[in-house]
Protein chains: 2
Amino acid sequence: MKRKILVVGGVAAGPSAASKAARTSQDVEVTLFEQGDHISYGICELPYYISNAVTNLDKMIIYTPEQLQKEKGVVAKVHHRVERISPVQRKILVRNLETDGVSEYSYDKLILATGTRSKRLGVQGEDGKNVFRVKTLNDGIAIKDFIQQKHPRKAVIIGGGFIGMEMAEAFRALNIETTILHRSHLPMGKLEAETRQMILEELKKHGVNFATVKEIVSFGKDASGEVRNIVTDSGTYAADIVIVAIGFQPNTELAESAGMRLGTMGGIKVDQKQLTNIDNIYAAGDCCEVKNLVDDKPSLLPFATIASKTGRVAGENAAGGNALFKGTVRAVAIRIFDLEVAQVGISSEEAQTSGFDVATEMITDWSRISFMPGSKKLHIIYIIDKRSKRLLGANLIGEEGAALRANTLSAAIRHHLTIDEISQLDLVYTPPYAPLWDPILIAANQAKKRLRELEIK
Amino acid sequence: MKRKILVVGGVAAGPSAASKAARTSQDVEVTLFEQGDHISYGICELPYYISNAVTNLDKMIIYTPEQLQKEKGVVAKVHHRVERISPVQRKILVRNLETDGVSEYSYDKLILATGTRSKRLGVQGEDGKNVFRVKTLNDGIAIKDFIQQKHPRKAVIIGGGFIGMEMAEAFRALNIETTILHRSHLPMGKLEAETRQMILEELKKHGVNFATVKEIVSFGKDASGEVRNIVTDSGTYAADIVIVAIGFQPNTELAESAGMRLGTMGGIKVDQKQLTNIDNIYAAGDCCEVKNLVDDKPSLLPFATIASKTGRVAGENAAGGNALFKGTVRAVAIRIFDLEVAQVGISSEEAQTSGFDVATEMITDWSRISFMPGSKKLHIIYIIDKRSKRLLGANLIGEEGAALRANTLSAAIRHHLTIDEISQLDLVYTPPYAPLWDPILIAANQAKKRLRELEIK
């Protein structure tokens, strides 16, 4: 008889784990449960779907349940909520949300990929009909439908992080007046101050209002149940549509109720095999903590890249393989109107908190040979440990060539390269794509000089 | 009295060495000699100057002699040819080509950056008035002037390497009928067969004739001294302008006459400090051999990136510093019409010659999320050592995102990462710039699978 692998959660890590498990062994039978309507879709594409840069909804879905069965040999059951895990009996209790019936399924190995949910403000009116999160495919569909039907003129976005930026771009592309309310005076909290300032200027340049508010007091709803204004400690903001994007928290209740241990950051704690503290139960994706390889600290990094990788590892191991996920270097990029912004590693603030002896260095140079058509300014900030001379993190920002350059620095950070080693890297030079001294090298040479000066003092 | 540092050669490594020496110590006096008209210019930009993508000649010159003196404190003498080195007396004999007078200059440290020269075919007619090399700024000016004055309709390029490709693009941009004559049936010999095939198709798509000729027999000149046709073993080709681009050879005569040792590839042999076998004499740039860090073999890599780096190291050491150039991973990129082509590390053929147990893996994926506007196909070929599972080299080819992705692989190859380690890299995912699984990771996962299959067999 085939060994049974059950997977809980169908967005990113779940399908990745299920597919990899089915591919790893002929001897397993894999079933995936998802409480929502869809499995295996791209969340990061939602703002582009909303802005009409992507028009075909089908493209957003990587695998339908039918495709997952046919192409990967995985049975996927949508509208099925897993409500209880009985680790000793190796059984789960599943509710079919269409029939409301419950069934038990037994497993040899269980993989939890329960993901995160959007944080709530906890204020009155937050359930208004025109208040949206950007978390599921249904959220994206609902926002797009609302815009097409109601033609909102004013959007308020609460939260100046990644999703806030992307939604601001989407709203402006649709010519909707857009205000971001953020608790800090600069957007994008994990980035360096200089980067954040440039982002703020880019937002303003494209007509986005950015307001610092310490507290959201309440949402004022009208008789139809739609929010008309946002009351804050520093003024009231009119809104026809509201996006709440203040972050995510891991869905750990199911895991906790079965006795699974959480880490210090509140995510499920797993080892390098993605195994939890309970036998035969793996966890993967946003619901787990991951080790940050720069400071060796546990962190919550709800990114699809990590979810896919940890999913693969959990799936391979559940099917009898021997894969390891050793940890991650944060590597993220975002387009904010005409700016490419990327971050790798840790911030200067995180580095200080982690006890590094921090130096930072910023340079501005060109994405290509300066006088070639299309060349753009590129800014790089390095965060360096003065003792080891290791690069700990970097910000890259400019109109071209930031995101892919970040990947080179990500590899460097992951493998603990020093600034001196980075200055020796062999980077391509070709007038249409890159200058003789790539900005990565310019920044490294500049940082070397700075470190020497600091030593002399 | 200040220590005297003399630098021979003014294009790439020379100015880099001279500037770095002057910056390293207050206690040195740096003089640079260049026999030509110009110092410190970009050779790689010449095709773009010829095609009018770049129109301002001044932009091509990084430093004039006046700027080098003012900004870097280096005295640069153009039209000065160094004709003899007397290592025991620490003197050089220099001819002023304007006056034809010779003078002696004494040195404490000497840096040779004599570069390369274009290889010659050695056939009759090669000195025709309309036969050009693409090597110096004057070559670029002469080609552009010739095109503007004579309006050639047919160009023949001899040599299907980097310069051949770039000149073909330049000629086609000027609507000149273009034929490349190459000794092999595919262009760009150091690349993998699949890449070369794609390049050939791109050339054809843009109206370039590509012909395989084993031997150039002669150039047929008319009464005015211009070549009208190229006679080969496989036909005669009409030409109004001819480019000979069959490679470069290091200028080592001056070094050899002073007793400097050459390496097995025919370049000046230097240690990690760029010191030659003769006391107080350094060498840098294209005239030197460099260590290829993939197979630890000496090689000739006449690239501006390496020249600049070795120049800096020689300059710093000559001024009393302690810098090392440990070697290089070949990392080159080129635009060929709409294609971005990059190569890092060694080729499968070089890997076989060097005794690696070679496997190759090719994938085709997307530069961004496949359905995002602007996404393009990207092909990657990995060259892997089956024993160590190290990545030895890679080709990247596509309409977008090849060159900067090559940099990440360059860092990986330089630091001896295995395919498994590459598959674990943290690469950015953001719909407008990169897909969830970057092609670098797709290729690594595919290669891992292939290596496992090979092991099982």
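Two residues are in contact when heavy atoms lie within 4.5 Å of each other. This structure is a predicted model. In it, 100% of the interface residues of chain A are also interface residues in chain B, so the copies meet through the same surface.

**Relation of the chains**
- Chain A is superposed on chain B by a rotation of 180 degrees, with 0.0 Å of shift along the axis and an RMSD of 0.0 Å.
- That is the relation of a two-fold axis.
- Thr408(A) is the residue of chain A that comes closest to the rotation axis, with its C-alpha at 2.1 Å.

**Helix 9 of chain B**
- Helix 9 covers residues 304-318, which makes 15 residues.
- From first C-alpha to last, helix 9 reaches 20 Å, close to the 21 Å expected at 1.5 Å a residue.
- Because 13 of its 15 residues are buried, helix 9 of chain B is largely enclosed by the rest of the structure.

**Packing of helix 1 on helix 9 in chain B**
- Two packed helices are described by the angle and the distance between their axes.
- For helix 1 (residues 13-24) and helix 9 of chain B, the axes come within 7 Å and cross at roughly 35 degrees.
- This crossing of helix 1 and helix 9 is right-handed.
- Residues of helix 1 in the contact include Ala13(B), Ala17(B) and Lys20(B), and those of helix 9 include Ala307(B), Gly311(B) and Glu316(B).
- By class, the contact has four nonpolar, five polar and four charged residues.

Methods:
Residues numbered from 1 in each chain as written. Chains lettered and ligands numbered in written order. Predicted model: local features only at pLDDT ≥ 70, side-chain atom pairs only at ≥ 80, totals over all residues. Heavy atoms only, no water. Least-squares fit on C-alpha atoms with pLDDT ≥ 70 in both. Helix = DSSP H or I, 4+ residues; strand = E, 2+ residues; numbered from the N terminus. Expected span 1.5 Å × (residues − 1). Buried < 20%, exposed > 50% of the residue type's maximum accessible area, 1.4 Å probe, protein only. Axes fitted to C-alpha atoms, helices over the stretch in contact; angles between N-to-C directions. Left-handed = near helix turned anticlockwise from the far one by under 90°. Nonpolar A, V, L, I, M, F, W, Y, C, P; charged D, E, K, R; others polar.
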